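Open the model in your viewer and keep the selection panel at hand. The tour goes stop by stop: select, look, move on.

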Amino acid sequence: MNPDSAFESFDCIVIGGGQGGALARMLAQDGHKTALIEKQFLGGTCVNIGCTPTKTLAFCARVAYLTRRAGDYGVKTGPVEIDWPAMRERARKIVAEFRAEICDNLHQKPNLELIFGAARFVGEKQIEVELNDGGTRSLQSQQIIIAAGARPVVPPLDGLGDVPFLNEESLMNLDELPPHLVILGGGYLAVEFGQMFRRFGSQVTIIEAGPQLLAREDADIAIALTEFLREDGVEIHLQCNATSARKTAESVEICLETGGKTKTIRGSHLLVAVGRQSNADTLNLAACGIETDDEGNICVNEQLETNVPDIYALGDIKGGPLFTHIAYDDARILCANLSEGKNANTKNRHVPYTVFTDPQLGRIGLSENEAREAHCKFRVAHLPMSETARGVESDETCGFWKVLVEYQTDLILGGAFLSIEGGEMATILQVAMMGGLPYSALRDGIFSHPTLGESLNNLFLTLDRRTTDKM
């Protein structure tokens, strides 16, 4: 790159203030003159419209659910009333606190300049920023990190452009609860919001084109979770293709095609939750020759390098699992390599995740489907929550645990915990996997009683000697 006097020069430019902000802070601490460009709010999707507000509201929904169940525990209560504005304001307050803390931390860092605006490449290692408060700035750097995230997919559904549909952000900003929320899509957002708003008192209908909810999960997991949602009163339509949408004076209508027949679903509000797409197409990447894949994600190698030397990408913009903890690990890898001269990479890293339904689904490692596709020989440990002391004592017996163990080595390949605190249980299993422990270490371990963790003993006692070629 030949420096251009018309451009302000930095040692490093970071585009995106989510986990890119954390990386920018670390680079500035190491003495790099760093520019951090953020289009809207610091904290990224997680803090502003993802993890923080949604899980805050999910906990509100669980409180409502437990209050309605108080009689099961011998506790007498009156009718349960939902104060949606109070719940919404609670979530907004927590988001504002987190965002302010991030902003304060970044503003106080020497060597770091925050620039609020929309970035786009205009040449090799050169970026123009359309500032939020007017005007533009032109920046250049030999080192650029792209962490500009992703946005909700808007499907090419006939008539959708004329319907005031919702995404996860606008749904949480409604002034009133929707009387009947129709959700297009059957993935993680759909099931979390579906159960949440049903417990808030909305009628909820989920429409999924595929044969099951949560397409990447094993069928037994998807079937069980579907039944839990139906027990909550969520209406679920599987193998239904949406063909059109329209707004009437009184409702939103979605026309469906299923089994050669057509039908219409009517609701007061429509949430479109069919996935997310990379924001790479907003950055004019052609100006510097950065390659993207067929889905529009920035292509990177195991060290998060693009095809252009000294330009990197982290988080959702590069595709793959769209989880905050993956973006955080990406930032850690880049900090280690750029500031400490290490050779960190993404190879063989564990990718845990939790679906925050109730019960939760905590996942780590291979599913049964994935293990079979990989031609692994494995045994399955399986334990219903109804056979755990903690589950019975707390009357939280919905769900089950399932763990895959490699047949020859006795090492843990992966697990699914559909239960109360399923995410925490998956974390315990992950730590064992990180340590290379055989399943017997958990089978024979001493855990405090009565906890969920102690039932790992019983879980691994259920192992049989089947291999996949006998199943």
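**Stop 1: strand β9**

Select β9: H180, V182 and L184 on one side, and L181 and I183 on the other, are all buried, so both faces of the strand are covered (buried means under 20% relative accessible area, exposed over 50%, partly exposed in between, with a 1.4 Å probe and protein chains only). Elements here are DSSP runs numbered from the N terminus: helices are H or I with at least four residues, strands are E with at least two.

This is a predicted model, in which local features need pLDDT of at least 70 and side-chain atom pairs count only at pLDDT 80 or more, while totals for chains, interfaces and linings use all residues. Residues are numbered from 1 along each chain as its sequence is written, and side-chain values use heavy atoms, with hydrogens and water left out.

Two strands pair if DSSP finds at least two bridges between them. Pick H180 and look across: Q203 in β10 stands opposite.

**Stop 2: helix α1**

Select residues 19-29. The buried residues of this helix are G20, G21, A22, L23, A24, L27 and A28. They pack against β2 (12-15), β3 (34-38), α4 (84-107), β4 (112-123), β7 (144-146) and α8 (324-340). Contact means heavy atoms within 4.5 Å. Step just past the helix to G31, which takes a positive phi of about 95 degrees.

**Stop 3: the three-strand sheet**

Select β12, β13 and β14. They form an open sheet in that order, with antiparallel pairing. The edges are β12 (241-247) and β14 (261-267), each pairing on one side only. Neighbouring strands are turned by 20 degrees against each other on average, direction ignored. For axes, lines are fitted to C-alpha atoms, for helices over the stretch in contact, and angles run from 0 to 180 degrees between N-to-C directions.

Walk across the sheet. β12 and β13 (residues 252-258) share 6 bridges. R246 stands opposite E253 in β13. Then 7 bridges join β13 to β14. C255 has T264 in β14 as its bridge partner. Zoom in on the turn of the β13-β14 hairpin: 2 residues lie between the strands, and G259 there has a positive phi of about 55 degrees.

**Stop 4**

Select the open sheet ordered β18-β19-β22-β21-β20, which is antiparallel. Its edge strands are β18 (353-355) and β20 (378-384). The twist averages 10 degrees from one strand to the next. β20 is joined to β21 (residues 400-406) by 7 bridges, and L383 stands opposite W401 in β21.

Show helix α7, residues 219-231. It packs on the sheet and touches β19 (360-365), β21 and β22 (412-419), with its direction at about 10 degrees to that of β22. Next show α11, residues 422-434. This helix lies across β18, β19, β21 and β22, and runs at about 170 degrees to β22.

Within α11, pick Q430. Is Q430 buried or exposed? Q430 counts as buried because its relative accessibility is 14%. Leaving out residues up to four places away in sequence, Q430 touches H350, P352 and I364.

**Stop 5: enclosed and open space**

A cavity is a set of points where a 1.4 Å probe fits but cannot get out; a pocket is an open set with protein on both sides within 12 Å along at least five of seven lines; lining residues have an atom within 4 Å of a point. Points are joined across faces, edges and corners, and a volume is the space filled by probe spheres set on them.

There are 2 cavities of 30 Å³ or more. Select its lining: D218, R363, L366, S367, E368, K402, L404, G414, G415 and A416. β22 gives the largest share, 3 residues.

The second largest cavity has a volume of about 30 Å³. P152, E168, L189, V272, A273, V274, G275 and R276 line it.

Finish at the second largest pocket, with about 330 Å³ of space. Of its 15 lining residues, A58, F59, R62, T357 and Q360 are the closest to its centre. α3 (51-68) and α6 (188-199) are the elements that give two or more residues to the lining.

Note on methods:
1 Å grid on protein atoms, 1.4 Å probe; cavity = no way out; pocket = protein on both sides within 12 Å on 5 of 7 lines; lining within 4 Å.
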